[in-house]
Amino acid sequence: MSEAKLSVSGVRKVFEGRAGEVVALDGVDFEIAEKEFVTVIGTSGCGKSTMLSIIAGLEEESEGEVLVNGEPVHGPGRDRGVVFQSYTLFPWMTAQKNVEFALHGTKGERADIAREHLELVGLEGFADAYPSQLSGGMRQRIAIARALSYKPEVLLMDEPFGALDAQTRQLMQELLTRIWEEHRLTVMFVTHDIDEAVFLSDRVLVMTARPGRIKEDIRVGVERPRTFEVLSTPEFFEYKSRLLEAVREESLKTATEQLAVR
Amino acid sequence: MAEAISKTPEAGAPKRAPAGRPAGKRRRKLAGIFDPIEPRTYMIIALLSFAVLFFGWWVAAEIDLAKDIFLPSPADVWNRGVELAKDGTLWADVKVSFVRITIGFLISTAIALPIGIAIGTYRLAEAAIEPPVDFIRYMPAVAFLPLTIVWVGVDESQKWLIIFIGTFFQQVLLVMDNVKRVPREYVDISHTLGMRDHSVLRKVVLPAAAPAIWDTLRITLGWAWTWLVIAELVAASDGLGHRIIVAQRYFQTDTIFVGILVIGLLGLIMDQIMKYTGKRIFRWAE
């Protein structure tokens, strides 16, 4: 219990909508151990992004508790780095300055640390480029560099590759896997892409349709280091079909509910 | 383009050429919705339309469509303009008007910026300030003219006040909107970097909104010219607006034309300067 880097217990989130209360999350429990890569997967609207926002401290839970290193989370903080799906680099700063911006108050040479992290994502040659001059994939790589630069305890990633085309997404997944395998970070990754979940993770948590809860906790035994070749192994398929089934059940629930309402 | 298409035949799909046209040779359309045109074409068309306007004016004056006293010819207006420039009247008027609009606009901007930014960021401030501002905005600035004269007389400050009333309330609302359009994610990510609200505002929200705010200033400066001229038409002893109203008394239509054209030209020049400066400062926003 005390070993968990990130611990979520009994988290419930209720939104006040025009049509009354909407329960987005209802009793979410899970833990992420140090240096573990965990993906949360679920159908759209299941509350997975809300869960991540709560852990990031950007939204407040209605009930329950989030602990990082055993300390309860109150608001956002530098112990948790976040990468969003939308492009969040500041367009008025170069790539280099964007990373340096995250290092305010950091000891040591900010410029050097920023450069190291641009190197880590393979963009040292684009330090002086502005975001508008870079492709979507490059921008997300810099966003990852920025989130890693200040060495947060936990890295939270909310569908970071969701806006990218399939080829770029695959390359980004490989890049992230390579970085993770070299540096062993604690990551919570949110996606609805099952291939992505299996490829990246040590564990995959499947969420139920709204109200969201953790429905299944599947350990992915695919060997590391992982390259794109694992995508065509029978092992990979096995995990994929298992997850596919679990997610599909929930999608069907949502779909029938929506039909029933009409 | 056409070549590239013919080189990649779709397997199995029967190729269909549009009827009556050879396949692969599409005529370029000039005027489809949102179709781009060459910058040169644009320039030529724009210049042509100016030429047409000018020519129309010239012809109308030549054939005496209206008496000279109503419609002076371009030559008359030009000569009158040269005359006014030579005896110094024009420059004196331009200078007076320019100083007035600059001061009035700067006062308005200096107060509107912080208020607009505050109500764009903080809902509490918005609730307190936005509704009354929105209400006053719909009161015609022109209707305040008598009041301003009663309040401050007819000296310079009355011109500033009219420019202020006409500009300020619009500026506040536009700046508020500019600030509100800053992506929420910029603020969220700043918070996750451990920044406090006041530095998020200073280091993220303001720079993010700056190009839009600059555009707001550019647009409202254009409007401010209207209020300046109105103020000068009603109660002034110098300035371009004053020159126009005096000329009307003596039926010097050519002078009126000079005044209007100079005001238009000044507005255009200031707008272009603002536009160019904005492009220089906010190169990243391209």
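At what angle do the axes of helix H8 and helix H9 of chain B cross? They cross at roughly 145° and come within 10 Å. This is a predicted model.

**Helices H8 and H9 of chain B**

- H8(B) spans residues 184–192, and H9(B) spans residues 197–234.
- Their crossing is right-handed.
- H8(B) makes the contact through Tyr186(B), Val187(B), Ser190(B) and His191(B).
- From H9(B) come Asp197(B), Val200(B), Val204(B), Val205(B) and Ala208(B).
- By class, this contact of H8(B) with H9(B) holds six nonpolar, two polar and one charged residue.

**Helices H3 and H4 of chain A**

- H3(A) covers residues 110–120, and H4(A) covers residues 136–149.
- The two axes come within 9 Å and cross at roughly 130°, which means that H3(A) is oblique to H4(A).
- H3(A) passes H4(A) in a right-handed crossing.
- On the H3(A) side, the contact is made by Ile113(A), His117(A), Leu118(A) and Leu120(A).
- On the H4(A) side stand Ile142(A), Ala145(A), Leu148(A) and Ser149(A).
- The contact of H3(A) with H4(A) has six nonpolar and two polar residues, with no charged residues.

**Between chain A and chain B**

- Chain A gives 21 residues to the contact, and chain B gives 16 residues.
- About 1,600 Å² is buried between chain A and chain B.
- Carbon and sulfur atoms give 75% of that area.
- The count of salt bridges between chain A and chain B is zero.

Conventions:
Residues numbered from 1 in each chain as written. Chains lettered and ligands numbered in written order. Predicted model: local features only at pLDDT ≥ 70, side-chain atom pairs only at ≥ 80, totals over all residues. Heavy atoms only, no water. Axes fitted to C-alpha atoms, helices over the stretch in contact; angles between N-to-C directions. Helix = DSSP H or I, 4+ residues; strand = E, 2+ residues; numbered from the N terminus. Parallel < 35°, antiparallel > 145°, perpendicular 65-115°, else oblique. Left-handed = near helix turned anticlockwise from the far one by under 90°. Contact = heavy atoms within 4.5 Å. Nonpolar A, V, L, I, M, F, W, Y, C, P; charged D, E, K, R; others polar. Buried area = accessible area lost by both parts, 1.4 Å probe. Salt bridge = Lys/Arg side-chain N within 4 Å of Asp/Glu carboxyl O.
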